[in-house]
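Hi everyone, thanks for making time. I'd like to walk you through a model I've been looking at, so let me put it up on the screen.

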Amino acid sequence: MTNGIIRQNFVIPADDFTAAGEASSSVKKMLIQLGVDPQKVKKTAISMYEAEINAVIHANGGIASVEIDRNKIFIRIEDHGPGIPDVELAMKEGYTTAPDAIREMGFGAGMGLPNMKRYADLLEIKTEVGKGTTVEITVYLS
Amino acid sequence: MKASEIKNILKADVLTGEENLDMDVFAACGSDLMSDVMAYVKDNVVLLTGLVNPQVVRTAEMMDIKMIVFIRGKRPEDSIVQMAKEKGIIVMTTKDPMFIACGKLYSAGLTERGVWD
């Protein structure tokens with residue numbers, strides 16, 4: 001990889017469960033093309049995908065911005081949804097506020113945030129009730 | 001176990017990926033919950049699922065899972081099969097229900113754990 005920084009933004013569409021994951025899929029392809037270690041590609045893809053699904057489920061979509069340099073992959077997923085009243089509670093496996101329709105799609109079982117934490121090297125969540133949530137995922141390359 | 005053996009054991013129809021049936025599979029995972037698949041599953045597994053939607057293929061893509069078997073005779077829409085085809089993922093459908101399908105594969109020697117302990 002060169003010394004430069006690669007930046008790319010993706011729109012996560014609202015209420016389109018079929019399209020959810022397209023941004024993560026694009027980022028995965030990009031990382032493979034850049035020759036990033038497959039395990040790091042997988043870690044990044046899974047954590048971003050869970051964050052993307054969350055933005056679709058809870059927040060009418062959002063914006064994903066991705067920055068890749070020689071040391072790290074940094075992904076910020078920003079939405080203007082309802083925010084998370086209790087982040088500590090939301091981090092617990094099994095805790096969910098997702099509606100039944102989402103559970104029928106194989107998600108919404110309270111594993112999203114725990115999975116992001118499991119796979120990201122660093123996970124930061126900034127949230128304000130009524131304003132929205134920003135999730136920042138970092139995966140270190142070196 | 002070869003993907004072709006799984007096809008024979010489950011009397012499955014191949015919906016896409018016929019050309020990749022020589023692929024080796026080392027373990028299996030049966031789940032309808034995609035977040036669980038992402039939390040625990042290892043590489044080189046076949047995913048058996050009763051869930052039929054595009055996110056099954058997306059989850060397989062993120063997890064580097066190269067083979068999906070839909071159980072209980074479920075058939076995904078063409079757009080889902082096409083998505084799997086583009087990603088080089090084998091898709092099959094079997095009439096067996098989950099428990100029977102998993103049991104048949106386990107009895108035939110696919111006994112490695114597909115999940116991290």
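Let me start with a question: are α2(A) and α3(B) roughly parallel or roughly antiparallel to each other? Do keep in mind that this is a predicted model. The two helices pack at an angle of about 150°, and their axes lie 8 Å apart. Angles over 145 degrees count as roughly antiparallel, and therefore that is how α2(A) and α3(B) run relative to each other.

Who makes that contact? On the α2(A) side we have A:Lys42, A:Ala45, A:Ile46, A:Tyr49 and A:Ile53, and from α3(B) come B:Gln55, B:Arg58, B:Thr59, B:Met62 and B:Met63. By class, that contact splits into six nonpolar, two polar and two charged residues.

Now let's zoom out to the two chains. Here 27 residues of chain A touch 21 residues of chain B. About 1,900 Å² is buried between the chains, with carbon and sulfur atoms giving 52% of that area.

Last stop, the largest pocket, which holds about 550 Å³ of space. It has 34 lining residues, and A:Asn54, A:His58, A:Ile84, A:Thr97 and A:Leu113 are the closest to its centre. Which element gives the most to the lining? That's our friend α2(A), with eight residues. The lining as a whole has 20 nonpolar, 11 polar and three charged residues.

That's my tour, and I'm happy to chat!

How values were computed: Residues are numbered from 1 along each chain as its sequence is written. Chains are lettered from A and ligands numbered from 1 in the order in which they are written. This is a predicted model: local features need pLDDT of at least 70, side-chain atom pairs count only at pLDDT 80 or more; totals for chains, interfaces and linings use all residues. Side-chain values use heavy atoms; hydrogens and water are left out. On a 1 Å grid over the protein atoms alone, a cavity is a set of points where a 1.4 Å probe fits but cannot get out, and a pocket is an open set with protein on both sides within 12 Å along at least five of seven lines; lining residues have an atom within 4 Å of a point. Grid points are joined across faces, edges and corners, and a volume is the space filled by probe spheres set on the points. Helices (H or I, at least four residues) and strands (E, at least two) are DSSP runs, numbered from the N terminus. Ala, Val, Leu, Ile, Met, Phe, Trp, Tyr, Cys and Pro count as nonpolar, Asp, Glu, Lys and Arg as charged, and the others, Gly among them, as polar. Axes are lines fitted to C-alpha atoms, for helices over the stretch in contact, and angles run from 0 to 180 degrees between N-to-C directions. Angles under 35 degrees count as roughly parallel, over 145 as roughly antiparallel, 65 to 115 as roughly perpendicular and the rest as oblique. Contact means heavy atoms within 4.5 Å. Buried area is the accessible area (1.4 Å probe) that two parts lose on being put together, summed over both.
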